[in-house]
Amino acid sequence: MQRQILYNETQIGEDKVKLAKEVLSKLNSDVKISSYKDYVNEESIKKYLKEVSYDFIVDCSDNFKTKFLVNKIAIENNLRCIIAGIKDFYGQIITINPKETACYQCVFSKPLETSPDEGPLPVIGVTPGILGTLEALEVIKTALGLPNLENKVLMVNLMDLRFNIIDIVKNEKCICSK
Ligand SMILES: [Zn+2]
């Protein structure tokens, strides 16, 4: 619960999608929130993309397979996309402008294989908070045309408190170059 700041212990067992919408609506009543309780897969994403016009996809998923899918959908629909990943004290974040910049698949090629017994990746509670806030910052900066993480990967090392930026280039053989 410590990293899922929209919820508290009294709500264990309740519908997280519904609770998240309630909390966020109270934060800003001018924001229209559409919530969907579903698994993320190619069919569900395509279905929900048809319902509203979107400007960005912000990936907050916890597995490589979904990140590759989100990247692919963003490219197919020419939607700006921000993808972050975390593990214990570490994270990385990339901003994608389809057709223009390198994408997630240019950098990582294919999902890393994880063993079924491995379970979810371990994480210290503050890591998703910091990476999530950086994703929000990327949305704001990208929308305002300010310098962002296009053609770059920001590597976050919270153990040593180091932030490093790696320049990346579009792979001409990648799905984003077709
Ligand atoms: Zn690519």
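**Helix, sheet and core**

Analyst: In this predicted model, the buried residues of helix α3 are Lys 67, Phe 68, Val 70, Asn 71, Ala 74 and Ile 75. Seen down the axis of α3, these buried residues fall within an arc of 160°, so they line one face of the helix.

User: Against which elements do the buried residues of α3 pack?

Analyst: The helix α3 lies across β1, β2 and β3, and runs at about 170° to β2. Its buried residues pack against those strands and also against a helix, which gives the list β1 (56-59), β2 (80-87), β3 (90-96) and α4 (104-108).

User: How far apart are the end C-alpha atoms of α3?

Analyst: The helix α3 covers residues 64-76, which is 13 residues, and at 1.5 Å a residue it should span 18 Å. The distance between its end C-alpha atoms agrees with that expectation, being 18 Å.

User: What is the order of the strands in the open sheet?

Analyst: The open sheet has five strands with mixed pairing, and its edge strands, each of which pairs on one side only, are β1 and β5. Within the sheet, β4 and β5 pair in the antiparallel sense over six bridges, and α5 packs on the sheet by touching β1, β2, β3 and β4. The strand order is β1-β2-β3-β4-β5.

User: Leaving aside neighbours within four places in sequence, which residues are in contact with Cys 103?

Analyst: Cys 103 is one of the residues with the most contacts inside the largest nonpolar core. Once its neighbours within four places in sequence are left aside, the residues in contact with Cys 103 are Asn 71, Ile 75, Ile 96, Cys 174 and Cys 176.

User: Is Leu 161 buried or exposed?

Analyst: Leu 161 is found in the loop between β4 and β5 (162-167), and its phi is near 55°, a positive value in a residue other than glycine. A residue counts as exposed with 12 or fewer C-beta neighbours within 10 Å, and because Leu 161 has 8 inside that distance, it counts as exposed.

Key
Residues numbered from 1 in each chain as written. Predicted model: local features only at pLDDT ≥ 70, side-chain atom pairs only at ≥ 80, totals over all residues. Helix = DSSP H or I, 4+ residues; strand = E, 2+ residues; numbered from the N terminus. Expected span 1.5 Å × (residues − 1). Buried ≥ 20, exposed ≤ 12 C-beta atoms within 10 Å, placed from the backbone. Arc of directions from axis to C-beta. Contact = placed C-beta atoms within 7 Å. Core = buried A, V, L, I, M, F, W, Y, C linked by C-beta atoms within 7 Å. Pairing = 2+ DSSP bridges. Axes fitted to C-alpha atoms, helices over the stretch in contact; angles between N-to-C directions.
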